[in-house]
Amino acid sequence: MEAVQSPIIPVVAELIRNNPGTISLGQGVVAYGPPKQAAEQVNRFFEDSENNKYKPVQGLPVLVEALGAKLKVENGIRVGAANPIVVTAGGNMAFMNAILAITDPGDEIILQTPYYFNHEMAVCIASCRPVLVPTDANYQLQPHAIASAITPRTRAVVTVSPNNPTGAVYSEAALREVNRICAERGVYHIHDEAYENFTYEGARHFSPASVSGSEGHTISLFSFSKAYGFASWRVGYMVIPEHLLVAVKKIQDTNLICAPVISQYAALGALQAGASYCKAKVSALLDVRAIVLRTLAGLDGICDVPRADGAFYFLLRMHTKRDPMELTERLVREHRVAVIPGTAFGMDGCYLRVSYGPLSKDSAAEGIGRLVSGLRKLLS
């Protein structure tokens, strides 16, 4: 465990607590909460005393059925005996389940850099080795590099789209190619789709598990945390090959037994609200995104802002050799604005992740304004 990196979010959160008035551009959450249908379902949870007891490891049957309908309509994924659903306590648990189910100690998992830090941490916790494959200058996949990184110890290739921490949306062609490579080389394709509802500028989300014949090697991870404002409710789900179901159920039964039943009821309510709830919120987020982009233009010459058509992040590539953690600390202490250093995502050099998900129009103008002003002063 000493070899596993410490999660950066609590470190930055402590900095924020010690510097009141700081605007956070750090944590990846949204400003809104769950739809009213979620609260209505929670009330129904309390109507049945049996809900205080353990429920199926795989998830409430009514929720699993609703998720199957959602996946068919929104993702083009037809679930069944060959690729069952497992409801988890968030997307991170789904990823941990997957890694523990498919690996032995010493196996390799291919991650794209920049990676989502909890993915890298999970691989290390499982006593496996993360193999890092860089994305291109626009943070897009490089399938040829992924193929070259596969060895006899490789067990999976991990992709995240829309991406955390870059906001990049991977093309359907690139994801199909990665999925094909995984099938050809006999490794799993783990695809994280936590930000599936957050796309802009005509970008389209694509689920590799919708590819015909992908059921046997594709593991898809989903979350309610972002689209439905469910971060603290801890509900996610995974679609897995049938031959992994026994292993995943062993792992989940040991760590959790079942996802919190009250949260599963709330998730059912969220699905009843449907994609239209998310779309309305994403539409409002477009205004915030426009403010962020317009204000970041003030950093021209100080950093690059690679294209980001998804999620609610920008990963700034700074034109300096300064330590990104030092910059992060000084931005909080001297300018009352918080970001996340790129080192947490496996990046060498100076990168800073900006999250605009929790911002309003007013706080976006003020927060990004502080960031631009602070960086200009610190790097002048």
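This is a predicted model: local features need pLDDT of at least 70, side-chain atom pairs count only at pLDDT 80 or more; totals for chains, interfaces and linings use all residues.
Which side chain does the side chain of Thr 159 join in a polar contact of 2.8 Å? The partner is the side chain of His 189.

Thr 159 belongs to strand S5, which covers residues 154–160. Thr 159 is buried, and its relative accessible area is 0%. Apart from neighbours within four places in sequence, the residues in contact with Thr 159 are Gln 112, Leu 141, Tyr 170, Leu 175, Val 178, His 189, Ile 190, His 191 and Asp 192.

Thr 218 is placed in strand S7, residues 218–223. With a relative accessibility of 3%, Thr 218 counts as buried. The side chain of Thr 218 makes a polar contact of 3.0 Å with the side chain of Asn 179. A polar atom of the Thr 218 side chain also lies 2.8 Å from the backbone oxygen of Ser 214. Beyond four places in sequence, Thr 218 is in contact with several residues, among them Asn 179, His 189, Pro 208 and Val 239.

## Two partly exposed residues

Ser 24 lies in strand S1, residues 23–24, and is partly exposed, with a relative accessible area of 27%. The side chain of Ser 24 reaches the backbone nitrogen of Gly 26 at 3.1 Å. When residues up to four places away in sequence are not counted, Ser 24 touches Ile 16, Ala 338, Pro 358 and Leu 359. Ser 24 and Ala 194 are 170 residues apart along the chain, and their C-alpha atoms are separated by 21 Å.

Val 11 is found in helix H1 and is partly exposed, with a relative accessible area of 37%. Val 11 and Ile 340 stand 329 residues apart in sequence, while the distance between their C-alpha atoms is 9.7 Å.

## Cysteines without disulfides

How many disulfides does the model contain? The count is zero. For Cys 182, which is in no disulfide, the nearest cysteine sulfur belongs to Cys 128 and is 16 Å away. Cys 182 is buried, with a relative accessible area of 1%. Cys 350 is likewise buried, at 3%. The closest cysteine sulfur to that of Cys 350 is in Cys 303, at 9.5 Å, and this is too far for a bond because a disulfide requires sulfur atoms within 2.5 Å.

## The two largest pockets

The largest pocket is lined by 23 residues, and those nearest its centre are Gly 28, Asn 92, Tyr 116, Asn 118 and Lys 226. Helix H1 (8–17), helix H4 (91–102) and helix H5 (117–125) each give two or more residues to this lining.

The second largest pocket has a lining that includes Glu 74, Asn 75, Arg 204, His 205, Cys 278 and Lys 279. Helix H3 (61–75) and helix H10 (275–296) each supply at least two of its lining residues, and H10 gives the most, with four. The table sets out volume and lining class for both pockets.

| Pocket | Volume | Lining by class |
|---|---|---|
| Largest pocket | about 450 Å³ | 11 nonpolar, eight polar, four charged |
| Second largest pocket | about 320 Å³ | four nonpolar, four polar, four charged |

## Backbone geometry in the loops

The bond that joins Ser 161 and Pro 162 is cis, with omega about -10°. The bond from Asn 164 to Pro 165 is also cis, with omega near 25°.

Ala 311 is not a glycine, yet its phi is about 55°. Ala 311 lies in the loop between strand S9 (303–304) and strand S10 (313–318) and is buried, at 0% relative accessibility. Arg 336, another residue other than glycine, has a phi near 55°. Arg 336 is found in the loop between helix H11 (324–335) and strand S11 (337–338), and its relative accessibility of 28% makes Arg 336 partly exposed.

Notes: Residues are numbered from 1 along each chain as its sequence is written. Side-chain values use heavy atoms; hydrogens and water are left out. Buried means under 20% relative accessible area, exposed over 50%, partly exposed in between (1.4 Å probe, protein chains only). On a 1 Å grid over the protein atoms alone, a cavity is a set of points where a 1.4 Å probe fits but cannot get out, and a pocket is an open set with protein on both sides within 12 Å along at least five of seven lines; lining residues have an atom within 4 Å of a point. Grid points are joined across faces, edges and corners, and a volume is the space filled by probe spheres set on the points. Ala, Val, Leu, Ile, Met, Phe, Trp, Tyr, Cys and Pro count as nonpolar, Asp, Glu, Lys and Arg as charged, and the others, Gly among them, as polar. A polar contact is a pair of N or O atoms within 3.5 Å; within protein, one must be able to donate a hydrogen and the other to accept it, and residues adjacent in sequence count only if both atoms are side-chain atoms. Contact means heavy atoms within 4.5 Å.
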